[in-house]
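Good morning, everyone, and thank you for making time for this. Please take a moment to look at the sequence and the structure, and then I will walk through them with you.

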Amino acid sequence: MCSSDLEQQLKESEERFRLIAENVGDLVAMLDTEGRRLYNSPSYRSVLGEAMTPGSDSFLEIHPEDRERIRDVFRETVRTGIGRRSEFRFLLPDGTVRHIESDGRVIRGADGAVKHVVVVSRDISERKRAEMRLATEHGVTRVLAESESLEDAVPRIIRTIAEALDW
């Protein structure tokens, strides 16, 4: 096979990748082994805005309470070559919180060493809100069933709702 055929195959392969990455609903990012963004799919901008720029530290937008845990998962993925599904929160510049679920996979170089990590994520914020509503409804129903009077139930219902909302 001549080099022009190989170049054409490479060009077609890159075009397929670009078309898939630009049209998939999941958030696709490629990171170096330090966690710097090399690539973000267009879905990042549509879901999370312009905050995620290539070359930036991919951990900066992660909610401070989740950041070190996710950094540790990333380091473990780079060290072992095995990704792990994780849930965490993105904190956007406007203060909005998005719940994210991510899976990381490594790309190895010809020498077998981990060169990049591809992270495929999805916004699970709506699912998390539904889970919270369901848990709150269950908690309120349980309080009502266990209470002997409405006077006893109201403070406990307020406490149940406050706990569910992290107040």
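Before we turn to the sheet, one convention is needed: two strands are said to pair if DSSP finds at least two bridges between them. Please also keep in mind that what you see is a predicted model.

With that convention in hand, strand S3 and strand S4, which covers residues 97-108, pair in the antiparallel sense over six bridges. They belong to an open sheet of five strands, whose order is S2-S1-S5-S4-S3 and whose pairing is antiparallel. At the edges stand strand S2 (37-40) and strand S3 (86-91), and because each has a single partner strand, one side of each is left without a neighbour in the sheet. From one strand to the next, the twist averages 30°.

In general, a pair of aromatic rings is described by the distance of the centres and the angle of the planes. How many aromatic pairs does the count come to here? The count comes to two aromatic pairs. In one of them, Phe 59 and Phe 74 sit edge-to-face, with 5.5 Å from centre to centre and 75° between the planes. Phe 59 lies in the loop between helix H2 (42-48) and helix H3 (64-80), while Phe 74 lies in helix H3, so this pair ties together parts that are 15 residues apart in sequence. Both Phe 59 and Phe 74 are buried. As for Phe 88 and Phe 90, their ring centres are 5.4 Å apart and their planes stand at 80°, so this pair is edge-to-face. Phe 90 is buried, with a relative accessible area of 2%.

Next, the charged side chains. As a general point, side chains of opposite charge can pair when their charged atoms come close. The structure holds 23 salt bridges, and I will pick out a few of them.

In helix H3, Glu 68 and Arg 71 are three residues apart, which means that about one helical turn separates them. The two form a salt bridge, in which the closest N and O atoms are 3.3 Å apart. Is Arg 71 buried or exposed? With 18% relative accessibility, Arg 71 counts as buried, whereas Glu 68, at a relative accessible area of 45%, is partly exposed.

Also in helix H3, Arg 75 and Asp 72 are three residues apart, again about one helical turn, and they form a salt bridge with the closest N and O atoms 3.1 Å apart. Arg 75 counts as partly exposed at 46% relative accessibility, and Asp 72 counts as partly exposed at 41%. Elsewhere, salt bridges that share partners join Asp 26, Arg 85, Glu 87, Glu 101, Asp 103, Arg 122, Arg 127, Lys 128 and Glu 131 into one network.

One further example is the salt bridge between the side chains of Asp 32 and Arg 36, at 2.8 Å from N to O. Here Asp 32 is buried, with a relative accessible area of 11%, while Arg 36 is partly exposed, with 41%.

Finally, the surface. Met 132, Ile 161, Leu 165 and Trp 167 form a nonpolar patch there, and together they have about 420 Å² of accessible area. Of these residues, Ile 161 has its place in helix H5, residues 150-164, and counts as partly exposed at 31% relative accessibility.

Technical notes. Residues are numbered from 1 along each chain as its sequence is written. This is a predicted model: local features need pLDDT of at least 70, side-chain atom pairs count only at pLDDT 80 or more; totals for chains, interfaces and linings use all residues. Side-chain values use heavy atoms; hydrogens and water are left out. Patches are made of residues with over 30% relative accessible area and no salt bridge: like charges are joined within 9 Å, nonpolar side chains (Val, Leu, Ile, Met, Phe, Trp, Tyr) within 5 Å. Accessible areas come from the Shrake-Rupley method with a 1.4 Å probe; for residues, only the protein chains shown count as cover. A salt bridge is a side-chain nitrogen of Lys or Arg within 4 Å of a carboxyl oxygen of Asp or Glu. Helices (H or I, at least four residues) and strands (E, at least two) are DSSP runs, numbered from the N terminus. Buried means under 20% relative accessible area, exposed over 50%, partly exposed in between (1.4 Å probe, protein chains only). Rings of Phe, Tyr and Trp (its six-membered ring) pair if their centres lie within 6.5 Å; planes under 30 degrees apart count as stacked, over 60 as edge-to-face and the rest as tilted. Axes are lines fitted to C-alpha atoms, for helices over the stretch in contact, and angles run from 0 to 180 degrees between N-to-C directions.
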